[in-house]
Amino acid sequence: MLDPTSVTVTIYGHEYTLKGEADSDYVQKVSGFVDRKMKEVADNSTVASTAKVAILAAINIADELFRERQKRHEALAMLDERTGQIAELLEREVGNV
């Protein structure tokens with residue numbers, strides 16, 4: 001287990017010191033994503049409260065996550081179906097030899 005590393009990030013104009021085992025570049029990348037989402041929400045709405053901006057940004061991020069999970073689930077189902085079709089074709093061809 002790695003020792004926790006501290007990384008200071010800026011999100012929506014506020015500095016936060018985060019501790020964890022993730023690489024500092026990764027933490028900066030994730031924090032930058034959250035910062036951009038919060039700025040995007042603030043730019044496209046009349047919400048003034050930082051807390052409300054954060055909640056709306058979290059909902060947008062969760063929506064993206066759920067959509068990506070659905071796409072992944074559908075892709076895996078299609079892959080499973082095609083794998084089964086290929087297996088059937090191989091069994092027929094090998095059986096005909």
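Let's start at Tyr12, which sits in the loop between β1 (5–11) and β2 (14–20); helices here are DSSP runs of H or I with at least four residues, strands are runs of E with at least two, and both are numbered from the N terminus. Before going on, note that this is a predicted model, where local features need pLDDT of at least 70 and side-chain atom pairs count only at pLDDT 80 or more, while totals for chains, interfaces and linings use all residues. Residues are numbered from 1 along each chain as its sequence is written, and side-chain values use heavy atoms, with hydrogens and water left out.

Tyr12 isn't a glycine, yet it has a positive phi of about 55 degrees. Most residues other than glycine have a negative phi. Tyr12 is also partly exposed, at a relative accessible area of 23% (buried is under 20% relative accessible area, exposed is over 50%, and partly exposed is in between, using a 1.4 Å probe and protein chains only).

Follow β2 along and you get to Gly20, which belongs to that strand. Gly20 is partly exposed too, with a relative accessible area of 27%. Skipping neighbours within four places in sequence, Gly20 is in contact (heavy atoms within 4.5 Å) with Asp3, Pro4 and Thr5. Val30 is ten residues from Gly20 along the chain, and their C-alpha atoms are 13 Å apart.

Now for the inside. The largest nonpolar core has eight residues: Val7, Val9, Ile11, Val27, Met38, Val41, Val53 and Ala57. A core here is a set of buried Ala, Val, Leu, Ile, Met, Phe, Trp, Tyr and Cys residues joined through side-chain atoms within 4.5 Å. Two or more of its residues come from each of β1, α1 (24–43) and α2 (50–95). Take Ile11: beyond its neighbours within four places in sequence, Ile11 touches Tyr16, Ser31, Val34, Asp35 and Met38.

How do α1 and α2 meet? Their axes come within 9 Å and cross at roughly 115 degrees, with axes being lines fitted to C-alpha atoms, for helices over the stretch in contact, and angles running from 0 to 180 degrees between N-to-C directions. So α1 is roughly perpendicular to α2, a label that covers 65 to 115 degrees (under 35 is roughly parallel, over 145 roughly antiparallel, and the rest oblique).

On the α1 side, the residues that meet α2 are Phe33, Val34, Lys37, Met38, Val41 and Ala42, and their partners in α2 include Thr50, Val53, Leu56 and Asn60. One to look at is Lys37 in helix α1, which counts as buried at 10% relative accessibility. Leaving out neighbours within four places in sequence, Lys37 is in contact with Ala57, Ile61 and Glu64. Across in helix α2 is Ala54, partly exposed at 31% relative accessibility. Ala54 and Ala42 are twelve residues apart in sequence, with 9.3 Å from C-alpha to C-alpha.
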